[in-house]
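Colleague: I have a new model open and want to learn how to read it. Can we go feature by feature?

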Amino acid sequence: MSAATYIRYELLRTFRNKRFMIFSLGFPLALYYLIAAPNRNVGDLGNSGISAPLYIMCGLAAFGTMSAMLSSGARIAGERAVGWNRQLRITPLTTRNYFRAKVLTGYALALTSLLLLYTAGATLGVSMAAGDWVQMTLLILVGLIPFAAAGILLGHLLTVDSIGPVIGGLTALLSILGGAWFPIASSGTMHDLAQLVPSYWLVQASRIAVGGQAWGATGWIVMGAWAAAMIVLAGRAYRRDTKRA
């Protein structure tokens, strides 16, 4: 099986799974309308000068893309349960192309989630300069690298029965620590702890839309360290899983 064929198969299989698409992409979208629509006329949320639809869209952009990336683990766990991974190992597909397909599929879902949220935001009056849209989107995509590797890691460590609750709980916890649902204080223990988790910097990437700044040195160092650690651990989990099979 060639790399191009496998990537095409992965994309088609993922986007044809209606139940998966509804829960993976539909939930952030429905949540956005449930929270933002009743507050669409709030133009100064908490005396911040930021409209409620814009602020909520940014938080859910981080939540939705993070969830989309981690969801690759559920697909991997399902493949392991039915023995599909063992079948792939007797094909010419390399480990690098296997990981590449999983990451590209995750990014395709994340971009779809972003597009849906951007469109939803526009229907509620959200507008920004083109440069802000582009800068925010690009930085979010970079910020998803650790989550792409984390999804692969979880998929090779957990079973089908356990991975759903783990991903759901992990996404919720990271969203809270990252400030997706409410602002993190500018100082104190919570602020110091938040800066050590990748979700905080993913949320900061989305905050460019509300006047936030791109990452400084701390953000790049933290994200780089998390990305490197997750990639190494994902590779080890895959190799261990291969030896067991």
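Colleague: What pLDDT does the chain average?

Modeller: Keep in mind that this is a predicted model. The chain averages a pLDDT of 83, and 89% of the residues score at least 70.

Colleague: Where in the chain is confidence lowest, and where is it highest?

Modeller: Helix H5 (residues 84-88) is lowest, with a mean of 68. Helix H8 (residues 145-157) is highest, at 92.

Colleague: How many helices and strands does the chain have?

Modeller: Twelve helices and zero strands. Along the sequence the pattern reads α-α-α-α-α-α-α-α-α-α-α-α.

Colleague: What share of the chain is buried?

Modeller: Buried residues account for 48% of the 245 residues. For this, a residue counts as buried under 20% relative accessible area.

Colleague: Why is H3 called largely enclosed by the rest of the structure?

Modeller: Because 19 of the 19 residues of H3 are buried.

Colleague: Now the rings. What describes a pair of aromatic rings?

Modeller: The distance of the centres and the angle of the planes. This structure holds eight aromatic pairs. Take Tyr98 and Phe99: their ring centres are 5.5 Å apart and their planes stand at 75 degrees, so the pair is edge-to-face. The cut-off for that label is over 60 degrees.

Colleague: Are Tyr98 and Phe99 buried or exposed?

Modeller: Both Tyr98 and Phe99 are buried. Ring pairs also link Tyr98 and Phe99 with Tyr238 into a cluster.

Colleague: What is the geometry of the Trp215 and Trp220 pair?

Modeller: The centres of Trp215 and Trp220 lie 4.8 Å apart, with planes at 75 degrees, so this pair is edge-to-face. Trp215 has 7% relative accessibility, so it counts as buried. Trp220 has 46%, so it counts as partly exposed.

Colleague: Where is Trp181 found?

Modeller: Trp181 sits in the loop between helix H9 (160-178) and helix H10 (189-194). With a relative accessible area of 34%, Trp181 is partly exposed.

How values were computed:
Residues numbered from 1 in each chain as written. Predicted model: local features only at pLDDT ≥ 70, side-chain atom pairs only at ≥ 80, totals over all residues. Heavy atoms only, no water. Phe/Tyr/Trp six-rings, centres within 6.5 Å; stacked < 30°, edge-to-face > 60°. Buried < 20%, exposed > 50% of the residue type's maximum accessible area, 1.4 Å probe, protein only. Helix = DSSP H or I, 4+ residues; strand = E, 2+ residues; numbered from the N terminus. pLDDT = per-residue confidence, 0-100.
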